[in-house]
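These are my notebook entries on one model. I set down what I looked up, entry by entry.

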Amino acid sequence: MAEEQTKPNEPTPEETNTQETDAADVAEQAADDAANEVVADVEALQQALAAAQDEVATLKDQALRATAELQNVRRRAEQDVEKAHKFGLDKFTNEMLPIIDSLERTLDACSVDDEATKALREGVEMTHKMFVSGLAKFNIEQVDPQGQPFDPELHQAMSMVPSPDHEANTVMAVMQKGYTMHGRLIRPAMVVVVQG
């Protein structure tokens with residue numbers, strides 16, 4: 001009978017089955033919990049990735065806009081410098097034009113026949129030519145439209161006169177010559193136009 005007695009440390013077959021079932025349930029529960037954690041981690045990582053991709057797209061857009069703005073500022077600055085070089089002489093030129101006008105009026109007033117004023121006229125002519133050629137070196141050109149069709153962009157009509165000898169809307173007389181700098185009008189030519 002001593003052999004039939006069970007050892008107190010050994011479980012019975014029913015207890016063994018229950019323990020195995022409990023262990024399997026615990027293992028299955030642990031596996032489910034681990035799977036749920038992995039799914040939650042994957043979802044969190046996907047959300048973080050989407051947020052990071054959105055941020056990268058926003059930053060790329062900002063960088064492109066900043067680069068484009070920088071290029072625009074650089075281009076505008078270059079244009080401003082170019083215009084300053086081209087048209088920096090505007091005020092100076094406007095101050096010099098009355099001097100040329102005075103020289104031209106002096107030439108008109110000097111008689112070619114008078115021997116006393118002949119030397120004076122030659123000196124004024126040379127000064128006038130030097131002045132006009134000096135301005136031409138800086139792309140300042142005279143607008144002398146005598147006999148040309150009237151152009152309101154370059155000419156200012158002071159009066160209109162009927163004339164059978166001239167074609168309608170042509171410049172019959174120039175009261176004051178105009179000037180352009182690099183093709184831009186500085187002062188319009190003041191003209192008398194033939195009435196149509």
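Against which elements do the buried residues of H2 pack? I found that they pack against H3, E1, E3, E4 and E5, contact being heavy atoms within 4.5 Å. The model is a predicted one, in which local features need pLDDT of at least 70, side-chain atom pairs count only at pLDDT 80 or more, and totals for chains, interfaces and linings use all residues. Residues are numbered from 1 along each chain as its sequence is written, and side-chain values use heavy atoms, with hydrogens and water left out.

Entry on helix H2. I took helices (H or I, at least four residues) and strands (E, at least two) as DSSP runs, numbered from the N terminus. The buried residues of H2 are Thr93, Met96, Leu97, Ile100, Asp101, Leu103, Glu104 and Leu107. Here buried means under 20% relative accessible area, exposed over 50%, and partly exposed in between, with a 1.4 Å probe and protein chains only. I also checked the length of H2: its 20 residues should span 28 Å at 1.5 Å a residue, and the end C-alpha atoms are 29 Å apart, which agrees. The expected span is 1.5 Å times one less than the number of residues.

Entry on helix H3. H3 covers residues 115–136 and reaches 32 Å from its first C-alpha to its last, close to the expected 32 Å. I list Thr117, Arg121, Val124, His128 and Leu135 as its buried residues. Seen down the axis of H3, the buried residues fall within an arc of 70 degrees, so they line one face of the helix; the arc is that of the directions from the helix axis to the C-beta atoms. They pack against helix H2 (90–109) and strand E1 (140–143). On the other side of H3, I noted Glu115, Ala119, Met126, Lys129 and Met130 as exposed.

Entry on the antiparallel sheet. Three strands form an open sheet in the order E1-E4-E5, with antiparallel pairing; two strands pair if DSSP finds at least two bridges between them. E1 and E5 stand at the edges with a single partner strand each, so one side of each has no neighbour in the sheet. I found 4 bridges joining E1 to E4, and Val143 stands opposite Gly178 in E4. H2 packs on this sheet, touching E1, E4 and E5, and its direction makes about 55 degrees with that of E5. Axes are lines fitted to C-alpha atoms, for helices over the stretch in contact, and angles run from 0 to 180 degrees between N-to-C directions.

Entry on the mixed sheet. A further open sheet has 3 strands in the order E2-E6-E3, with mixed pairing. Its edge strands are E2 (155–161) and E3 (171–176), and the twist averages 30 degrees from one strand to the next. E2 pairs with E6 (residues 189–194) in the parallel sense over 6 bridges, and Gln156 stands opposite Met190 in E6.

Leaving aside neighbours within four places in sequence, Ser163 is in contact with Met172 and Val194.
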